[in-house]
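Please open the model in your viewer and keep the selection panel at hand.

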Amino acid sequence: MPLTGIEIFKLLPKTNCGECGVPTCLAFAMSLAAGKAELSACPYVSEEAKEKLAEASAPPIAAVTIGTGDRAVKVGGETVMFRHEKRFENPPGLAILISDTMDEAEVNNRLEKSSLSYERVGLTLRPELIALRCDSEDAARFAALAGKVKGGSDSGIILMSSDPSVLAAGLKACADRKPLIYAASKDNLEAVAELAKANSCPVAVKASGLEELSQLTAKLTEAGIKDIVIDSGARAVRQALEDQVNIRSLALNKKFRPLGFPTITFPAEMTDDPMKEALIASIFIAKYGGIIVLSDLQGESLFPLLIERMNIYTDPQRPLATSEGIYEIGGPDENSPVLLTCNFSLTYFIISGEIENSRVPSYLLVMDTEGLSVLTAWAAGKFSADVIGTFVKKCGIGDKIKHKKLIIPGYIAVESGGLEEELPGWEIQIGPREGAHITAYLKAWQA
Amino acid sequence: MALEVPKTQYNGKIREVVLGKGEKQVTAGGETAYPFYLFEGEMPRLPRIAMEVYDTPPEEWAEAALEPFAGVTDDPVAWAKKCVTDYGAELVALQLESTDPNGLDRGADEAAEVVKKVADAIDVPLIIWGTGNQEKDTEVLRRVAETCQGKNLIIGPVVEGDHKKIGAQAIAYKHTVIASTPIDINLAKQLNILLGNLGVPDEQIIMDPTVSGIGYGIEYTYSVMERMRMAGLVQQDDKLQFPIICNLAKEVWKTKEAHIPTEEAPALGNAKKRGILMEAISAMVLLLAGGDVIIMRHPEAIRLVREMIIELMAS
């Protein structure tokens with residue numbers, strides 16, 4: 001159970017020195033309880049307190065890191081059942097499967113696909129992991145594949161085999177990349193646990209059902225292994241969903257440590273139809289998957305899954321924002337219309353989409369409103385004539401156009417008078433209130 | 001030691017609302033647990049997919065979305081029939097695009113006549129969706145309600161500003177209303193209360209939380225729907241215990257990514273499959289949040305989603 005602010009306060013030095021950045025120890029304790037501060041900010045906290053706090057603040061679902069460097073992927077660490085209660089923390093890692101029985105061309109092809117990536121609202125969306133499965137039962141062959149993948153990609157690696165000697169060979173080739181070992185089971189637990197310890201790599205446990213799963217993780221924990229990923233073994237959609245929900249619920253609502261780990265799921269093993277596989281994966285993105293292994297990656301399924309993941313893992317308390325600036329849509333020239341909007345990314349997407357659909361080349365001025373929508377920003381005084389005026393003058397749009405006409409959102413029509421004062425010589429035009437009416441508006445617009 | 005899995009303590013149930021009339025009528029709602037949490041409660045009715053039909057030939061649709069309806073897009077009656085006979089539609093949603101005052105601005109009488117023809121041509125429940133312009137929707141939907149008396153159409157969007165006039169007609173002519181609010185649980189509750197005060201029976205209300213597709217703000221809808229279900233199922237809020245309808249298709253198919261041809265954006269893969277998956281995955285997300293009726297467009301996306309529903313319910 002996490003400690004309350006008062007319980008934390010009792011463990012602090014109570015000197016109110018203020019060196020942590022807040023004036024009193026009590027205020028610092030409250031920030032710690034709310035997860036808004038780090039204990040390390042206090043220079044005087046005792047070792048004993050550190051230990052107690054670390055133990056109590058250990059997350060109910062462990063966070064596990066796979067891979068190294070910039071491309072390391074952290075999964076787990078979740079704290080809520082529903083995203084609106086706080087937020088979902090670490091997006092599930094998406095993996096492409098490569099079998100050691102595939103020929104070299106196919107392996108190369110898949111390595112290439114594993115680096116597919118997309119830019120969206122300033123974020124890079126990409127799959128993070130490559131799952132290498134030993135189907136040849138040949139340890140040397142598996143090791144060769146692991147070596148090739150290590151050299152040809154910086155993605156995180158999952159080594160898949162039930163045979164400890166095959167896993168050992170794979171680890172020899174790529175242990176320094178901290179791959180996830182998949183999997184320990186009731187038949188090989190000791191040997192695989194040894195490998196995980198010796199190589200300091202995270203290890204997945206596969207069982208049939210939650211009961212056996214929790215017994216196996218308890219053994220690993222006893223052996224001193226902390227970085228664990230769990231697979232309930234379910235490969236039917238209904239049972240798999242049930243397991244995901246129950247694992248999350250046991251870990252969070254009952255603080256049941258043996259299941260307090262990120263999960264690994266296998267849409268790849270649940271259907272032969274790639275379209276259906278994408279839908280199964282979409283369920284695990286919303287419902288608690290830690291790692292999602294796909295049989296293959298195609299742009300048409302990967303892209304929708306990545307944007308779904310981005311949406312579900314967006315912090316509900318912090319709207320996605322687009323960066324401020326001039327966006328040129330459809331190759332505008334000096335006679336093209338200029339539209340103004342806020343930097344709430346959803347607004348940006350809708351407005352830019354509508355402008356694109358209208359096929360009228362235009363400039364879209366996106367102003368930083370701290371991610372607030374037009375009306376909210378306006379109500380908060382962040383989208384009023386004075387700040388808009390300053391932005392329009394500074395952004396440099398005046399040099400790109402011959403006319404001096406600015407189209408503002410219909411919802412802030414009341415600012416037009418003020419804007420004409422702020423921007424002498426400009427004609428302020430009132431645009432539509434809704435994005436859906438932009439096409440008609442732009443088609444009728446004349447410089 | 002046997003694992004004791006904690007169960008959500010439910011104390012509410014989503015109302016059952018009958019859509020349409022006769023042999024092919026559909027009942028939505030009835031859940032006593034979160035969506036597909038069959039290990040905690042019941043979901044006696046399968047979530048349903050309604051197929052979209054437009055009352056005017058679509059402009060600028062992605063090729064993939066037009067192809068399945070080739071030859072019928074200029075005739076809403078033929079289009080609706082094709083949905084039912086060829087694609088097995090369990091409900092049809094007629095979008096009254098032509099009545100948009102910013103577009104064709106077709107009159108209420110003409111629109112109602114088309115609705116009547118479609119309603120007479122099919123035996124599955126018929127959803128009638130206006131343009132969101134309150135004045136025009138009032139005019140059109142009132143006329144529609146009257147013309148199709150007793151057919152138990154599902155009409156909307158009904159919003160606070162027009163709920164009295166449209167609601168009154170729905171009571172008089174026995175139709176179900178779509179209570180539509182802009183992604184806000186409190187406004188949704190308030191509108192349901194207003195409709196109740198007006199005298200619309202609980203069994204004639206279905207909620208539209210306002211939806212978007214993946215990549216375009218689906219997370220807002222998702223969380224509002226989850227909160228609606230939480231309020232209705234565990235917080236005994238009987239003003240939120242209504243089934244949820246999601247007018248999804250047009251939100252997905254108007255996006256840039258549903259349109260770009262394969263050759264213009266190779267990284268986005270095959271254009272047709274991409275559009276289908278964007279629609280199907282958006283639908284999955286909404287189903288997991290509590291959608292009871294999803295309005296969709298592409299037959300292949302619908303087939304995939306139906307299969308997933310069946311797998312999620314499989315015993």
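**Where the chains meet**

Begin with both chains displayed: 45 residues of chain A are in contact with 40 residues of chain B, two residues being in contact if their C-beta atoms, placed from the backbone, lie within 7 Å. This is a predicted model, in which local features need pLDDT of at least 70 and side-chain atom pairs count only at pLDDT 80 or more, while totals for chains, interfaces and linings use all residues. Residues are numbered from 1 along each chain as its sequence is written, and chains are lettered from A and ligands numbered from 1 in the order in which they are written.

Next select α8 (210-222), α9 (237-253), α10 (274-286), α11 (299-312) and α12 (345-358) of chain A, the elements that each give two or more residues to the side touching chain B; helices are DSSP runs of H or I with at least four residues, strands are runs of E with at least two, and both are numbered from the N terminus.

**A covered helix**

Now select helix α6 (residues 164-174) of chain A, where 9 of the 11 residues are buried, that is, 20 or more other C-beta atoms lie within 10 Å of their own. Among the buried residues of α6(A) are A:P164, A:L167 and A:C174, and the buried residues of this helix pack against β6 (129-133), α5 (139-152), β7 (156-160), β8 (180-184) and α7 (189-199) of chain A.

**The core**

Finally, select A:A95 and B:V92, which touch the most other members of the largest nonpolar core, a set of 232 residues; such a core consists of buried Ala, Val, Leu, Ile, Met, Phe, Trp, Tyr and Cys residues joined through C-beta atoms within 7 Å. Helix α9 (residues 271-289) of chain B gives the largest share of this core, 13 residues.

Notes: Buried ≥ 20, exposed ≤ 12 C-beta atoms within 10 Å, placed from the backbone.
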